[in-house]
Structure formats: C-alpha cells, structure tokens
Amino acid sequence: MAKTLVYKGKTKDVYALDNGNYLLKFKDDCTGKDGKFDPGENAVGLTIEGVGDVNLKMSIYFFEKLKQAGIKTHYVSANLEDTTMEVLPAKVFGKGLEVICRHKAVGSFIRRYGDYIEAGADLDAYVEFTFKNDEKGDPLVTKEGLIALGVMSDKQYEDTKLMTQKITQIVADDLKEKGLILYDIKFEFGYCNGEVVLIDEIASGNMRVYKNGEYVDPMTLSKLFFA
C-alpha cells in the first residue's frame with residue numbers, strides 16, 4: 001500500500017495511506033534529559049536499541065485489550081516485522097493534548113507540589129491535561145481553560161477523563177499481576193466520527209513503573225511484562 005510521510009515525530013514518524021488511514025512507524029528514540037529516560041520530558045534524550053519494537057508490542061497488547069473492553073481507540077492493525085501500526089484518521093484536540101493519570105506522586109508532580117506531598121504518596125487516579133508545546137514546557141490547562149479556549153466541550157473533557165482513569169486501571173491491574181506498580185502514565189486523545197478516542201500508543205516509554213520501590217526502565221519493564 002502506498003504511503004506518504006506527513007510528520008516526523010520524536011518517537012514515531014507518521015505516514016498517510018491511500019486507504020485514508022495513517023501508519024505510525026515506531027522509532028528507538030526516547031524522551032529524556034542528559035541521557036536518562038523521562039516520559040515527562042519534551043525532547044529526545046536518548047536512543048535505546050529495540051525500544052520501538054517493544055513499545056509497539058505493548059501497544060498492540062493493550063489496544064486489543066481495550067477493544068475487548070469496549071473502549072474506543074484509533075488502532076486498526078500492526079506489523080511487528082516493520083514496527084508499524086495502522087490507525088484511523090483521528091483529529092487531535094487543539095494543537096495536541098497530553099493527558100496524565102497519576103496513581104502515585106512522582107516526576108513533575110513532585111517538582112510542582114513537593115511542599116504539600118511526599119514522593120511516592122498515593123493519588124486517587126489524579127488526571128492532568130497539558131498542551132503539547134515543547135517550547136512552553138507542555139503547560140497545564142484546566143477543564144475551564146479548555147472549554148474557554150474552544151479546545152474541548154464539557155462532555156469531551158469528562159469523557160476523556162473517565163476513559164483515562166479506566167484505561168489506567170486496566171494497565172495498572174495487568175502490571176500488578178507481575179509484581180509491578182504503576183506510578184503514572186501519559187496518553188493522547190483525539191476524536192473520530194464525533195467520539196473521543198485514545199490515540200498514539202500505550203507503551204513502557206509513556207509510563208513510570210516501580211518494582212520493590214525501585215524504578216524500572218522501559219526496556220526492563222517490557223522484558224518483565226512479556227516474560
């Protein structure tokens with residue numbers, strides 16, 4: 001099938017297909033800083049050989065699981081041999097939104113609110129929305145802000161928040177069965193045929209996971225998950 005490059009991203013390249021769908025090509029680049037992985041960073045900080053393969057493998061696993069749970073996503077199919085995933089042509093909210101669900105306090109949450117909470121403290125599926133804007137450090141935005149700016153309706157916000165919490169719990173439960181604890185996870189959402197859908201990926205590179213109190217890096221996490 002013919003494909004045309006439309007966007008080169010930090011961790012994936014996007015191609016338009018002649019059937020109207022899109023193709024995501026997963027890369028081995030990870031967000032981070034000073035050679036250390038950090039899903040909350042806005043730039044590529046390191047390259048880990050094989051991370052694209054394992055991110056796609058985990059994404060396939062969870063997208064198929066969400067389909068069974070009746071949760072809408074942009075996922076169509078995937079090909080592990082060339083590290084690609086075919087997806088529906090969903091539109092992003094505004095110029096792109098990221099949604100973070102936090103089960104425990106870590107990362108930028110602690111950097112912002114460390115005066116009020118200890119690292120690792122429990123959070124009740126706390127959801128944050130941020131604009132995708134590297135230059136401005138992915139600024140936080142409230143529900144009222146999203147509505148006032150015309151980025152989302154009240155219903156779209158509530159649907160996205162509820163979906164985020166449901167998906168996060170599915171991921172957390174799977175990890176817990178393997179002795180792994182999900183601290184936080186980052187998603188992207190868009191809309192397709194008038195409905196909010198999960199887009200992008202569900203992969204080790206977008207989550208912080210701990211085992212016995214120690215952080216588990218993305219490659220190790222994928223190996224433990226599929227062991």
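Is C192 buried or exposed? I looked it up in this model, which is predicted. C192 has 12% relative accessibility, so I put it down as buried, the limit for that word being under 20%.

**Cysteines**

I then turned to C101. Its relative accessibility is 0%, so C101 also counts as buried. I next looked for disulfides and found 0 in the structure. For my own reference, a disulfide is a covalent bond between the sulfur atoms of two cysteines.

**Helices α1 and α5**

I noted first that two packed helices are described by the angle between their axes and the distance between the axes. Helix α1 covers residues 51-68 and helix α5 covers residues 218-225. Their axes come within 10 Å and cross at roughly 45°. That angle is why I call α1 oblique to α5. I recorded the crossing of α1 and α5 as left-handed.

Which residues of α1 and α5 meet? On the α1 side I listed V51, V54, M58, Y61 and F62. On the α5 side I listed P218, M219, S222 and F225. I sorted the residues of this contact by type and got 8 nonpolar, 1 polar and no charged.

**T160**

I went on to T160, which sits in helix α4, residues 154-177. What is T160 in contact with, once neighbours within four places in sequence are left aside? I wrote down F93, V99, F129, M152, F189 and V196.

**Two residues with positive phi**

I checked D138 and found its phi near 50°, a positive value in a residue other than glycine. Where is D138? I located D138 in the loop between β11 (122-131) and α3 (143-148). The relative accessible area of D138 is 13%, and I therefore marked the residue as buried.

N193 was my last entry. N193 is not a glycine, yet its phi is positive, at about 55°. I placed N193 in the loop between β12 (181-192) and β13 (195-199). Is N193 buried or exposed? I noted a relative accessible area of 74%, so N193 goes down as exposed, the limit for that word being over 50%.

Conventions:
Residues numbered from 1 in each chain as written. Predicted model: local features only at pLDDT ≥ 70, side-chain atom pairs only at ≥ 80, totals over all residues. Heavy atoms only, no water. Axes fitted to C-alpha atoms, helices over the stretch in contact; angles between N-to-C directions. Helix = DSSP H or I, 4+ residues; strand = E, 2+ residues; numbered from the N terminus. Parallel < 35°, antiparallel > 145°, perpendicular 65-115°, else oblique. Left-handed = near helix turned anticlockwise from the far one by under 90°. Contact = heavy atoms within 4.5 Å. Nonpolar A, V, L, I, M, F, W, Y, C, P; charged D, E, K, R; others polar. Disulfide = S-S within 2.5 Å. Buried < 20%, exposed > 50% of the residue type's maximum accessible area, 1.4 Å probe, protein only.
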